[in-house]
Amino acid sequence: MNRPERTFTTDQIRLERRLPSYWRVTFDMPPVNIFGPKQLPLLDDVVKAIEIDPEVKVVVFDSAVEGFFITHYDFLAPLEDLLRIPPGPTGLQALPDMLVRLSRAPVVSIASIRGRATGVGSELALASDMRFASREKAVLSQWEVGAGLVPGGGPMARLPRLMGRGRALEVLLGADDIHGDLAERYGYVNRSLPDAELDGFVEALAMRIASFDKEAIAETKRLVDVASLPPDIEIKPEWDAFLASLSRPASQSRIKALMSRGFHRAGDVENRLGFHVGQIGS
């Protein structure tokens, strides 16, 4: 078998192979880690590498940008840039395709959340196998309904399976910020830890799992997936609804109001998005 390329790095997404069995993927898209069409092919390259490498067992996702894991989609990017990206191997559009493939890959994926995981960041975390959060600094949310949008990356299919229907609806329809401790209580994340302990805990867990037999890891995960992952038929309508909601007058008006307040720029709107989507009126 040909070994895959051992290095992968861009200015925005870095893949560090700490061991053949343990990788780190770091997002670095300052100032606020907005994710859009330019980043989709980069993440696809990472997911492909995870799928084909015969040795990797654990991948940890983290961020180099203070205060942000990954935040929302890039609403300044032309919609055509998104629409011209072809569907992925699952038949789903690019982002939900990559998230589904990550969930199903025979590799353990861990999101280490320090800062805001909102919108796309939340959806990547939910698609990962485990989520660990800084008690003081992590903020998760699906804020989209507050801007007249429908979330598109699978949270309606995934959240009820993690936290139950009522709490999932609170997160999705409340569109507010969920901080580390509450995220743990609701089942949004596995654990919230003191910020000073987050890196050490995730590193130790990743190294421990990476020391185990890959076949045993992959087969155990596959069987858990049977019992817990949503089928693609539940994922596809979310993306279709997201695209449809982008052009509605209500969402255009709300996004414009957020832009006028400082959306897409470093500052209070991005730091307290849950607060600001509740202030833009009906």
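Helix 3 supplies the largest share of the lining of the second largest cavity, three residues; helices (H or I, at least four residues) and strands (E, at least two) are DSSP runs numbered from the N terminus. The model is a predicted one, with local features needing pLDDT of at least 70 and side-chain atom pairs counting only at pLDDT 80 or more, while totals for chains, interfaces and linings use all residues. Residue numbers start from 1 along each chain as its sequence is written, and side-chain values use heavy atoms, with hydrogens and water left out.

That second cavity has a volume of about 60 Å³. A cavity here is a set of points, on a 1 Å grid over the protein atoms alone, where a 1.4 Å probe fits but cannot get out, and lining residues have an atom within 4 Å of a point. Grid points are joined across faces, edges and corners, and a volume is the space filled by probe spheres set on them. By class the lining splits into four nonpolar, one polar and three charged (nonpolar: Ala, Val, Leu, Ile, Met, Phe, Trp, Tyr, Cys and Pro; charged: Asp, Glu, Lys and Arg; polar: the others, Gly among them).

Helix 3 and helix 10 also pack against each other. Their axes come within 10 Å and cross at roughly 150°, axes being lines fitted to C-alpha atoms over the stretch in contact and angles running from 0 to 180 degrees between N-to-C directions. The two helices are therefore roughly antiparallel (over 145 degrees; under 35 would be roughly parallel, 65 to 115 roughly perpendicular and the rest oblique). The crossing of helix 3 past helix 10 is right-handed, which is to say that the near helix is turned clockwise from the far one by less than a right angle, anticlockwise being left-handed. Leu 95, Pro 96, Val 100 and Arg 104 of helix 3 meet Asp 232, Ile 235 and Trp 239 of helix 10, contact meaning heavy atoms within 4.5 Å. This contact has five nonpolar, no polar and two charged residues.

Helix 3 has another partner in helix 1 (residues 40-52), at an angle of about 25° and with the axes 10 Å apart. That makes helix 1 roughly parallel to helix 3, and the crossing is left-handed. On the helix 1 side the contact includes Leu 43 and Val 47, and on the helix 3 side Met 98 and Leu 102.

Of the 14 residues lining the largest cavity, Tyr 73, Val 120, Glu 123, Glu 144 and Phe 242 lie nearest its centre. Helix 4 (120-127) and helix 10 (232-246) each give two or more residues to that lining.

Pockets differ in being open sets with protein on both sides within 12 Å along at least five of seven lines. The largest pocket has a volume of about 410 Å³, and Ser 128, Asp 129, Val 224, Asp 225 and Ser 228 are the closest to its centre among 20 lining residues. Helix 9 gives the most to this lining, with five residues.
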